[in-house]
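Student: I have not seen this structure before. Could we go through it step by step?

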Amino acid sequence: MPVKVLIPTPLRAYTSKQDSVDLKASTVGEALTALTAQFGDLRKHLYNEDGKLRSFVNVYVNDEDIRYLQKDKTQLNDGDTVSIVPSIAGGNRR
Amino acid sequence: MATKTDIASAATENAVTLSKDEILRYSRHLIMPEVGMEGQLKLKRARVLLVGTGGLGAPLGLYLAAAGVGKLGVVDFDKVDFTNLQRQVVFGTKDVGRPKIEAAAERLGNLNPEIQIEPFETQLSSENALEIFRDFDIIVDGTDNFPTRYLVNDACVLLGKPNVYGSIFRFEGQASIFGAPGGPCYRCLYPEPPPPGLVPSCAEGGVLGVLPGIIGSIQAMETLKLILGTGEPLIGRLLLFDALGMKFRELKLRRNPDCPVCGDHPTVTKLIDYVEFCGIRGEEAPAQQTSVPDITPKELKARLDRGDDLYILDVREPHEYQICNIGGHLIPLGDLSKRVNELDSSREIVAHCRSGKRSSEAVEFLRKAGFRKLWNLKGGILAWSDEVDPSVPKY
């Protein structure tokens with residue numbers, strides 16, 4: 001399925017500054033695998049050492065949180081938008 | 001469907017009235033049926049606490065004071081500095097160096113002398129948060145760091161008070177209302193903060209000046225709606241704003257039954273150590289720096305004057321190099337692994353960045369890569385400007 005993955009500002013440094021990436025995938029897991037295959041540096045920002053999605057990164061299919069769907073097995077339909085939404089706490093320069 | 005909350009009507013109905021001056025001041029509210037006399041009196045009876053008077057707190061304070069929120073608490077412990085003025089519109093140039101709380105209270109009091117401003121010149125902590133929050137109906141989170149954000153969230157959940165949330169990064173913002181009855185809290189959204197190493201460093205930080213004005217104004221609007229009990233509050237919804245694309249999006253939020261704070265079986269039942277929770281050890285001296293050999297700006301200057309062969313490695317970003325530089329060779333920290341072959345391990349290398357944090361990571365990386373003659377410029381280009389060459393601008 002052709003889907004669009006939206007990249008948040010803090011992670012655009014790892015996607016050659018692209019704010020969205022179009023790819024083909026039938027589940028969320030496939031989409032993220034394809035994304036991190038294309039942009040290797042993104043991997044450690046999305047997954048922890050155990051290969052689990054980090055707890056300060058949420059993934060949505062359209063406006064639904066995949067934690068309340070089938071997580072990485074959530075099916076994607078043609079034209080779905082996958083959003084990566086990390087926590088931000090701006091302004092501060094530490 | 002989100003539940004409407006009507007905060008002020010739950011408070012004790014004091015015999016509050018509006019003076020003739022106040023009626024004139026609030027006339028554009030009073031002629032709207034959605035506010036009217038009843039709504040304006042709710043605003044006057046409302047007690048709102050603003051945590052932080054930074055980029056978000058500035059528009060929040062101005063609009064909430066102007067709207068006639070009767071009691072406005074403000075918490076901050078910082079002083080106004082020049083870098084604040086690009087976005088913290090509650091302050092003026094003459095306020096630089098003054099405590100933020102003092103300057104903000106003066107400005108807000110001048111904007112609306114009819115309201116009561118209660119300043120708390122202190123750093124919000126696990127020891128004082130519950131005590132400070134207790135006397136307020138709504139808490140507005142205008143903080144800029146994770147420890148305070150989790151502290152505000154947990155304290156609001158423990159006290160059952162709504163937390164009007166906003167957060168910004170560069171040109172992107174988030175807003176929501178947490179801790180409302182039946183609604184989610186910040187931990188339902190993000191159970192844990194990012195580890196410090198993965199928080200974008202100062203190279204990637206910064207914020208477009210208008211952005212906190214937009215997000216802070218959204219928080220102010222949601223605060224007024226909560227007080228008035230009107231409209232659809234941003235409960236159970238996360239609003240995302242992308243300034244570059246000028247797009248608003250909305251995501252669904254759910255209360256997590258397994259949430260450690262607001263879930264069905266909470267494990268966090270009192271405030272904890274949030275600095276530890278966020279894994280931040282000491283802001284002045286990052287952990288790595290202790291193991292990295294430092295050179296002070298004065299020592300470096302003396303060695304350069306002696307003609308020692310030192311290779312100055314600047315690990316900042318190209319746009320920072322344009323602001324100021326000390327003639328170093330620019331390899332941004334993020335590119336170092338790819339460009340390490342440009343460095344000669346037989347020469348002494350002095351790495352520097354803005355404040356010394358990124359360069360300490362660079363030194364650590366180079367050491368692991370087999371380099372031995374390494375120094376980290378202590379305090380970075382900021383210290384160089386302070387101690388050696390004041391003509392180098394600070395940023």
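**Domains and chains**

Tutor: Chain B is divided into domain 1 (7–277) and domain 2 (287–387), with bounds that come from an automatic or database domain assignment. This is a predicted model, in which local features need pLDDT of at least 70 and side-chain atom pairs count only at pLDDT 80 or more, while totals for chains, interfaces and linings use all residues. Residues are numbered from 1 along each chain as its sequence is written, and chains are lettered from A and ligands numbered from 1 in the order in which they are written.

Student: What distance separates the centres of domain 1 and domain 2 of chain B?

Tutor: The centres are taken over C-alpha atoms. For domain 1 of chain B and domain 2 of chain B, the separation is 40 Å.

Student: What pattern does chain A follow along the sequence?

Tutor: Helices (H or I, at least four residues) and strands (E, at least two) are DSSP runs, numbered from the N terminus. Chain A has two helices and five strands. Read along the sequence, their pattern is β-β-α-α-β-β-β.

Student: What radius of gyration does chain A have?

Tutor: The radius of gyration is taken over C-alpha atoms, and the globule rule is 2.2 Å times the number of residues to the power 0.38. For 94 residues, a compact globule would have a value near 12 Å. Chain A agrees with this, at 13 Å.

Student: Is K17(A) buried or exposed?

Tutor: K17(A) sits in the loop between β1 and β2 of chain A, and its phi is near 70°, a positive value in a residue other than glycine. A residue is buried if 20 or more other C-beta atoms lie within 10 Å of its own, exposed if 12 or fewer, and partly exposed in between, with C-beta atoms placed from the backbone. K17(A) has 8 other C-beta atoms within 10 Å, so K17(A) is exposed.

Student: Is R170(B) buried or exposed?

Tutor: R170(B) is in the loop between β5 and β6 of chain B. R170(B) also has a positive phi, of about 55°, although it is not a glycine. With 21 C-beta neighbours inside 10 Å, R170(B) counts as buried.

Student: How many residues on the side of chain B that touches chain A are charged?

Tutor: Two residues are in contact if their C-beta atoms, placed from the backbone, lie within 7 Å. The contact takes 32 residues from chain B and 22 residues from chain A. Ala, Val, Leu, Ile, Met, Phe, Trp, Tyr, Cys and Pro count as nonpolar, Asp, Glu, Lys and Arg as charged, and the others, Gly among them, as polar. On the chain B side, 15 are nonpolar, seven are polar, and the charged residues number ten.

Student: Which residue of β2(B) stands opposite V51(B)?

Tutor: Strand β2 (residues 71–76) of chain B has five of its six residues buried. Strand β1 (residues 47–51) of chain B pairs with β2(B) in the parallel sense over five bridges. The residue opposite V51(B) is V75(B).

Student: What is the bridge partner of I349(B) in β13(B)?

Tutor: Strand β13 (residues 374–377) of chain B is covered on both faces. Strand β12 (residues 348–352) of chain B runs parallel to β13(B), joined by three bridges. In β13(B), the partner of I349(B) is L374(B).

Terms used:
Pairing = 2+ DSSP bridges.
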